[in-house]
Amino acid sequence: MKRRSIRFQLFAAISAVAVVFIGLLVLLNLFFYEDYYMMTRRNELREAYQTVHTNFRKESTDDIAAMLDSYESRSAIRLAIVSSDGTVLYSSFFSDNGTSDQSGLFQLPDFDLLEQQRRGYVVLQAIGQSVSAQTIARHGYQFLNVSLREGDQYLCLVGALDNQSQNFLFAYMPYAFIEQNSSLNLVFLLIAGGGALLLCLLFAFFISRQFTRPLVDMAGVADRMSELDFSSKCQTGGSDEIDRLGQSLNQLSAYLEQTIGELQQSNDQLAQEIEEKERIDSMRREFIVNVSHELKTPIALIQGYAEGLTAGVADDPEDRKYYCDTIADEAGHMNRLVMQLLSLSKLELGAEQTYPDDIDLHALCAEAVHKTAVLCEAKELTVQYENTHVSVRTDGDLLQQVLMNYLSNAIRYTEPGGRIEISAVQNADGTRLTVFNQGDGLPEEELPKIWEKFYRTDRARTREAGGTGIGLSLVRAIADTLHGSCGAENVPDGIAFWFQLPSAPTDGETPT
């Protein structure tokens, strides 16, 4: 079943209250108004009797007549004073109040005056015949309902005006007057109730719209919040319950926005960590495979040549020397690989201790070129390092490893008869050492990957190309340790590998 809107429910509730209230008034008027009205008229008759009874002995006859005329004109109660023998001492219909004044502007015809007196006498006679002397003697007055033959009915009160019950007050009013007032009151109540109901419905419409407008706005804000849109806010400015609810909703929106943002950041960070972990796991597996591959060949050669020597395959001294030299070369290759792996692990773990010193790069380059002179001569390579007359304060051993790795790679991948150039420059950011070699360069997408362990641009190359596959990874670890940076870039006619060292620490700073 579809639930109605709160605006409709509030309008219906206010309207129902108005209808019930007005209907209750009409029902009370229909069932209880006449009794209430009769009780009120009885009280008026009783008050008239008490007033006349109080003043009857004190006032003169003329004063009593004037008082009765005044009271009758104000209350519409007909009054008459009758003696115990039936003589009418005073009555408005026996007075000459209805005759004309001297100007003759108003005068009742004699017939009308006689008819009025006759009907009044008939009413008094009917009242007198209905009086109970015992009731009056007991209570001092008696209420009567008198009906005439003509169909007229009267509500009457007969009360004794003295202790001897010699004079009586007849106070009465016609039922037609009472019923007319009751009917008029009912009609007026229906008209007034209908108008009040219309006003209540109109008021309920505006009041329900006014009260539910902020709730409708809050519902819209909540709907947008459910769609993770926290840009909308509730308009608040008061201190009632609805405004406090709007403020709470705004606070909830801000809290959810902040929390979801933090959760999104955490999710992104977690995704990056998972991706990094997967990358590290992949690199670890690849590292193990590469190390196994790098060690498998020299171990197999050493084992094979050692078994050959044991079996006496090489009887000739020259053959034995070849076998022994091969075993020594492969053992040296394995030793270099293991030492590089140990150095790389120490650098990555931050366990490598550095010893800064003033280093002459030109001398360092000369030593590196001298160590690789045999390899360069074998390929007829030209190595230039004249532009390296620069001094830098850093760890000499680590910088030498960097230079030897760069120079070894340059010799390995430079075509025979090519050129290698080593240069160094100082600037505001520090000192940059660059090793250039002629060649075809590398694809741009390969340049960021060559610093990974055992990464090879040409995976199909043979072991004869040399190298362990971790030289550039070692360079990157040294750059991190020395708070520097490294990189490679394709340049005209070749490729250049650079290594950036930061500026020397100022006075008071502790070198790394």
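In helix α11, the buried residues are Gly-471, Leu-472, Ser-473, Leu-474, Val-475, Ala-477, Ile-478, Ala-479 and Thr-481. The structure is a predicted model. Its protein chain holds 11 helices and 12 strands, and 33% of the 512 residues count as buried. Of the contacts between residues at least 6 apart in sequence, 65% join residues at least 24 apart.

**Helix α11**

- Helix α11 spans residues 471-481 and is mostly covered, with nine of its 11 residues buried.
- His-483 follows α11 and has a positive phi, near 60 degrees.

**Helices α8 and α10**

- Two packed helices are described by the angle between their axes and the distance between the axes.
- For α8 (residues 361-371) and α10 (residues 396-413), the axes come within 10 Å and cross at roughly 45 degrees.
- This angle makes α8 oblique to α10.
- The crossing of the helices α8 and α10 is right-handed.
- On the α8 side, the residues that meet α10 are Leu-361, Leu-364, Cys-365, Glu-367, Ala-368, Val-369 and Lys-371.
- On the α10 side, the residues are Leu-399, Gln-400, Leu-403, Met-404 and Leu-407.
- Sorted by class, the contact between α8 and α10 comprises nine nonpolar, one polar and two charged residues.

**Asn-167 in strand β5**

- Asn-167 belongs to strand β5, which covers residues 167-174.
- Is Asn-167 buried or exposed? Asn-167 is buried, because its relative accessible area is 14% and the cut-off for buried is under 20%.
- The side chain of Asn-167 makes a polar contact of 3.1 Å with the side chain of Asp-162.
- Apart from neighbours within four places in sequence, Asn-167 is in contact with Phe-56, Val-82, Ser-83, Leu-89, Gly-159, Ala-160, Leu-161 and Asp-162.

**Val-313 in a loop**

- Where is Val-313 found? Val-313 sits in the loop between α6 (241-310) and α7 (317-349).
- Val-313 counts as exposed because its relative accessibility is 54%, and exposed means over 50%.
- With residues up to four places away in sequence left out, Val-313 touches Gly-308 and Tyr-323.

How values were computed
Residues are numbered from 1 along each chain as its sequence is written. This is a predicted model: local features need pLDDT of at least 70, side-chain atom pairs count only at pLDDT 80 or more; totals for chains, interfaces and linings use all residues. Side-chain values use heavy atoms; hydrogens and water are left out. Helices (H or I, at least four residues) and strands (E, at least two) are DSSP runs, numbered from the N terminus. Buried means under 20% relative accessible area, exposed over 50%, partly exposed in between (1.4 Å probe, protein chains only). A polar contact is a pair of N or O atoms within 3.5 Å; within protein, one must be able to donate a hydrogen and the other to accept it, and residues adjacent in sequence count only if both atoms are side-chain atoms. Contact means heavy atoms within 4.5 Å. Axes are lines fitted to C-alpha atoms, for helices over the stretch in contact, and angles run from 0 to 180 degrees between N-to-C directions. Angles under 35 degrees count as roughly parallel, over 145 as roughly antiparallel, 65 to 115 as roughly perpendicular and the rest as oblique. A crossing is left-handed if the near helix is turned anticlockwise from the far one by less than a right angle, and right-handed if clockwise. Ala, Val, Leu, Ile, Met, Phe, Trp, Tyr, Cys and Pro count as nonpolar, Asp, Glu, Lys and Arg as charged, and the others, Gly among them, as polar.
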